[in-house]
Amino acid sequence: MSNYIKIPFASNAARAFGSNITIAGSRLSWAATEGAVTSGTAGAASAEAATTVVPAGGSNATFKGATGSAQDPPAGSLAELTLTIEAAGNNYQVGDVITVAAATTGTETEWDEPISFEVIAADLVSIEGTTEPFEMIPIDDVVCVQTIEQNSATVDNKLFIATTIASGDETDPQSQFSGWTVEFDPDNYDVEDCMASICEAIANADAAINSQPTVDFFGGAEVMNITYGANPST
Amino acid sequence: MSYIKLPLKGTGNPLQNYCVVSVDGVYEIDTEVVSNQSVIHLYYTAAASTNEDYLRVSITYAGDGVVTADDIDALRLLILKVNGQPGNVPMFKLIDDDGSDDYKVQLGVGQGTVAKSNDPK
């Protein structure tokens, strides 16, 4: 019989776009003024186009657009354009409205007015918890909660729930033990508060067997991913 | 499954202001000063990945010289008490704890509560 704590996942964490995502033309609209798409000589990728986002938060994502082949007459319609991520950026959320700047340079696909689309979950890097709202952590073998260190520096936004179970990894004195790496959304992450929140749940679980408390993160911190394995400290 | 609480420096919530360490399988305790900070080492019977190495948890306090031999004796007694009282998760405070940050666990590189392999004590 194990004793558990439950760590809730973020419901709509800010994060980067997925590395290979495309935005179909059917999701695109002209941001303000109706423009035109031209496919160039072969409909190949446009110049890289910068983005803005409403509400503010996300940044640095860029896209290229293509119609896939030369069209005669030229494509003209947004429906024939597909955007492909070029730089994933960070801190985007489901529901954000992205405006992609006009791409009017180069010899291939171009569009002459900014276009926009709304972010859906499939556009962003996946987070756990889309089907299960929490991760179950059996605490019977948990020995402590600690920061993760790599190259003599503390890794941002991550904590490690260490166990007494040997990992088989002899790379580092810390990597020799396994446990859960908990990755937080950078927004609202505070290392001491997040550690204390997890520790409080462990103490509560130990004090009341089978109570299975849920970690109540102070200050709005949210968890994006949890993985089990050797301590990644080096 | 037996834990103790340790006061944690730098927390923002007065109701969540501690970290925990399991004391199941602890067979030895000692202390040293590392880079002007007191450290308590807990030695466990749990085997590490490397042959003949075992688990050690090092607890780093913010202050220099805040852990005394009496603290180690008190911690030994507390571990015995906790293991005899399942469900009891007491706060371990150093004997001279005046509530200042020196007597709290401090996070940082190599600090806080760190589980690693070590030669048996």
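Let me start with B:Ser49, which is partly exposed, as 19 other C-beta atoms lie within 10 Å; by the cut-offs used here, a residue is buried if 20 or more other C-beta atoms lie within 10 Å of its own, exposed if 12 or fewer, and partly exposed in between, with C-beta atoms placed from the backbone. Please keep in mind that this is a predicted model, in which local features need pLDDT of at least 70 and side-chain atom pairs count only at pLDDT 80 or more, whereas totals for chains, interfaces and linings use all residues. Residues are numbered from 1 along each chain as its sequence is written, and chains are lettered from A, with ligands numbered from 1, in the order in which they are written.

B:Ser49 sits in the loop that links β4 (37–47) to β5 (54–60) of chain B, where helices (H or I, at least four residues) and strands (E, at least two) are DSSP runs, numbered from the N terminus. What is B:Ser49 in contact with, leaving aside its neighbours within four places in sequence? The partners are A:Ala166, A:Ser167, A:Gly168, A:Asp169, A:Glu170, A:Gln176 and B:Ser117, a contact being a pair of residues whose C-beta atoms, placed from the backbone, lie within 7 Å.

Turning to chain B itself, we have one helix and six strands, which run β-β-β-β-β-α-β from the N terminus on. The C-alpha trace of chain B spans about 40 × 35 × 25 Å along its principal axes, and buried residues make up 43% of its 121 residues. Among the contacts in chain B with a separation of 6 or more, 58% are between residues 24 or more positions apart.

Within this chain, how many of the five residues of strand β2 (residues 18–22) are buried? Five of the five are, so β2 of chain B is largely enclosed by the rest of the structure. B:Tyr18, B:Val20 and B:Ser22 point one way from β2(B), while B:Cys19 and B:Val21 point the other way. Strand β1 (residues 3–7) of chain B pairs with β2(B) in the antiparallel sense over five bridges, pairing being counted if DSSP finds at least two bridges between two strands, and B:Ile4 stands opposite B:Val21.

Finally, chain A is divided into domain 1 (22–123) and domain 2 (139–230), with bounds that come from an automatic or database domain assignment, and 40 Å separate the two domain centres, taken over C-alpha atoms. Chain A also has an open, antiparallel sheet of seven strands in the order β2-β7-β6-β5-β8-β10-β3, whose edge strands are β2 (22–23) and β3 (29–30).

Conventions: Contact = placed C-beta atoms within 7 Å.
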